[in-house]
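Subject: Handover of a structure

Dear colleague,

Please find below the structure that I am handing over to you.

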Amino acid sequence: MEDRTAEQLAQDYSAMGDSIILITDVIAGDAMADESAEDRQDCVDRNTQHLELMKAKSDWGSEDFTATDAAISAGNGYTAS
């Protein structure tokens with residue numbers, strides 16, 4: 001697999017930020033509060049998997065993954081009720 005361009009890396013990192021915000025907001029009850037538990041769980045699961053896949057890529061530079069790691073941990077521990 002080819003390394004991503006700087007622009008692609010920036011876009012991917014930004015998309016990861018969107019997933020972090022969504023995971024955090026759903027868990028906090030600030031997003032999707034009117035949706036079913038199943039839909040909230042699916043959303044968190046999908047976004048957590050996205051973060052795991054993206055973080056595993058080998059061509060990152062000096063990006064900070066602290067928030068990514070926290071969102072992955074929170075997402076993996078989340079059970080919608």
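In which part of the chain is the place of Met-32? Met-32 lies in the loop between helix 1 and helix 2. Please note, before reading further, that this is a predicted model.

**Overall layout**

The secondary structure of the chain consists of 3 helices and 0 strands, and its pattern along the sequence reads α-α-α. Taken along the principal axes, the box filled by the C-alpha atoms is roughly 40 × 20 × 20 Å. The chain has 81 residues, of which 31% are buried. When contacts between residues at least 6 apart in sequence are considered, 71% of them join residues at least 24 apart.

Met-32 has a positive phi of about 60°, although Met-32 is not a glycine. With a relative accessibility of 26%, Met-32 counts as partly exposed. Met-32 is also among the residues touched by Val-26, together with Ala-31, Arg-40, Cys-43, Val-44 and Tyr-78, when residues up to four places away in sequence are not counted.

The loop between helix 1 and helix 2 also holds Ser-36. Is Ser-36 buried or partly exposed? Its relative accessibility is 35%, so Ser-36 counts as partly exposed. Ser-36 and Ser-81 are 45 residues apart along the chain, and their C-alpha atoms are separated by 8.6 Å.

**Helix 1 and helix 2**

The axes of helix 1 and helix 2 come within 9 Å and cross at roughly 150°. The crossing in which helix 1 passes helix 2 is left-handed. On the side of helix 1, the contact is made by Asp-12, Ala-15, Met-16, Ser-19, Ile-20, Leu-22, Ile-23 and Val-26. On the side of helix 2, the residues are Arg-40, Cys-43, Val-44, Asn-47, Thr-48, His-50, Leu-51, Met-54 and Lys-55. By class, this contact of helix 1 with helix 2 has 10 nonpolar, 4 polar and 3 charged residues.

Leaving aside neighbours within four places in sequence, Asn-47 is in contact with Ser-19, Leu-22 and Ile-23.

**Helix 2 and helix 3**

Helix 2 covers residues 37–55 and helix 3 covers residues 66–77; the two pack at an angle of about 140°, with their axes 9 Å apart. Helix 2 is therefore oblique to helix 3. Helix 2 passes helix 3 in a left-handed crossing. Here Val-44, Thr-48, Leu-51, Glu-52 and Lys-55 of helix 2 meet Thr-68, Asp-69, Ala-71, Ile-72, Gly-75 and Asn-76 of helix 3. The residues of this contact divide into 4 nonpolar, 4 polar and 3 charged.

**Helix 1 and helix 3**

Helix 1, residues 6–28, packs with helix 3 at an angle of about 40°, and the axes are 10 Å apart. Helix 1 is therefore oblique to helix 3. Their crossing is left-handed. Helix 1 contributes Met-16, Ile-20, Ile-23 and Ile-27 to the contact, and helix 3 contributes Ala-67, Thr-68, Ala-71, Ala-74 and Gly-75. In the contact of helix 1 with helix 3, 7 residues are nonpolar, 2 are polar and none is charged.

**The nonpolar core**

In soluble globular proteins, nonpolar side chains tend to be buried together. How many residues does the largest nonpolar core have? This core has 16 residues, and Met-16, Val-26, Leu-51 and Trp-60 are those with the most contacts inside it. Each of helix 1, helix 2 and helix 3 supplies at least two residues of the core. The largest share, 5 residues, comes from helix 1.

Ala-10 is placed in helix 1 and, at 47% relative accessibility, counts as partly exposed.

Yours sincerely

Terms used: Residues are numbered from 1 along each chain as its sequence is written. This is a predicted model: local features need pLDDT of at least 70, side-chain atom pairs count only at pLDDT 80 or more; totals for chains, interfaces and linings use all residues. Side-chain values use heavy atoms; hydrogens and water are left out. Axes are lines fitted to C-alpha atoms, for helices over the stretch in contact, and angles run from 0 to 180 degrees between N-to-C directions. Helices (H or I, at least four residues) and strands (E, at least two) are DSSP runs, numbered from the N terminus. Angles under 35 degrees count as roughly parallel, over 145 as roughly antiparallel, 65 to 115 as roughly perpendicular and the rest as oblique. A crossing is left-handed if the near helix is turned anticlockwise from the far one by less than a right angle, and right-handed if clockwise. Contact means heavy atoms within 4.5 Å. Ala, Val, Leu, Ile, Met, Phe, Trp, Tyr, Cys and Pro count as nonpolar, Asp, Glu, Lys and Arg as charged, and the others, Gly among them, as polar. A nonpolar core is a set of buried Ala, Val, Leu, Ile, Met, Phe, Trp, Tyr and Cys residues joined through side-chain atoms within 4.5 Å. Buried means under 20% relative accessible area, exposed over 50%, partly exposed in between (1.4 Å probe, protein chains only).
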